[in-house]
Amino acid sequence: MSEAIYDIEGQWQAVEAGLLEGEQLVAVYDAKDAGTGFIGLTDLRVVLQDESYVGGRVALTSIPYGRVHAISLVANKSFLGGYVEAATVSIGISGHTYEVELRGHDKARHVHDVILHYAARAH
C-alpha cells in the first residue's frame, strides 16, 4: 500500500471506512468551497462529501470512474490576460458537473491526473 496523501486525517478515515473489499485509497484533499467538504480518490471511484444539503445534512457521493465523461482544471483569467494557476477541478458525469476548489494547484493537478488515469482505463 502506498503512503497516505491527505490534508485532514479525519477525512481520510471517513473515506477509508467506506472502502469496498480490495479497494485502495489514493488521496483525500480538503475542499475550499462551501458546498464540498472534501474529495477522495480510490482506485475505483471519486468520493465527494457534499455539505450543501438543507438542514445541515451531508451526503457522501461516489462516482465510479466509468461514469466520468470529462475532467477539467479550471483557471481564472487574470486582468493581464494570463491565467492564474488552476486550483479547481471540474468533473463531468451524465447531466451533472461537480466543481471542487482545492488548496493549491499541485493538489488540483494531482486530482485531475488521477481521475484522468482511472477514467481512461474504465472506458
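**Exercise 1.** How many bridges join strand β6 to strand β7, and in which direction do the two strands run?

*Solution.* Before counting, note that this is a predicted model, in which local features need pLDDT of at least 70 and side-chain atom pairs count only at pLDDT 80 or more, while totals for chains, interfaces and linings use all residues. Residues are numbered from 1 along each chain as its sequence is written, and side-chain values use heavy atoms, with hydrogens and water left out. Strands are DSSP runs of E with at least two residues, helices are runs of H or I with at least four, and both are numbered from the N terminus; two strands pair if DSSP finds at least two bridges between them. On that basis, six bridges join β6 (residues 88-93) to β7 (residues 96-101), and the two run antiparallel. One of the bridges links Ile93 with His96 in β7. The two strands form a hairpin with two residues between them, and Gly95 in the turn has a positive phi of about 80 degrees.

**Exercise 2.** Determine the strand order of the open sheet, and then place the helices against it.

*Solution.* The open sheet holds four strands in the order β1-β2-β3-β4, with antiparallel pairing. Because β1 (25-30) and β4 (59-64) stand at the edges with a single partner strand each, one side of each is left without a neighbour in the sheet. Neighbouring strands of this sheet are turned by 15 degrees against each other on average, direction ignored. Between β1 and β2 (residues 36-42), which run antiparallel, there are five bridges, and Asp30 has Phe38 in β2 as its bridge partner.

For the helices, axes are lines fitted to C-alpha atoms, for helices over the stretch in contact, with angles from 0 to 180 degrees between N-to-C directions; contact means heavy atoms within 4.5 Å. Helix α1 (residues 9-17) lies across β1, β2 and β3 (45-50) and runs at about 135 degrees to β1. Helix α2 (residues 105-122) also lies across β1, β2 and β3, running at about 145 degrees to β1.
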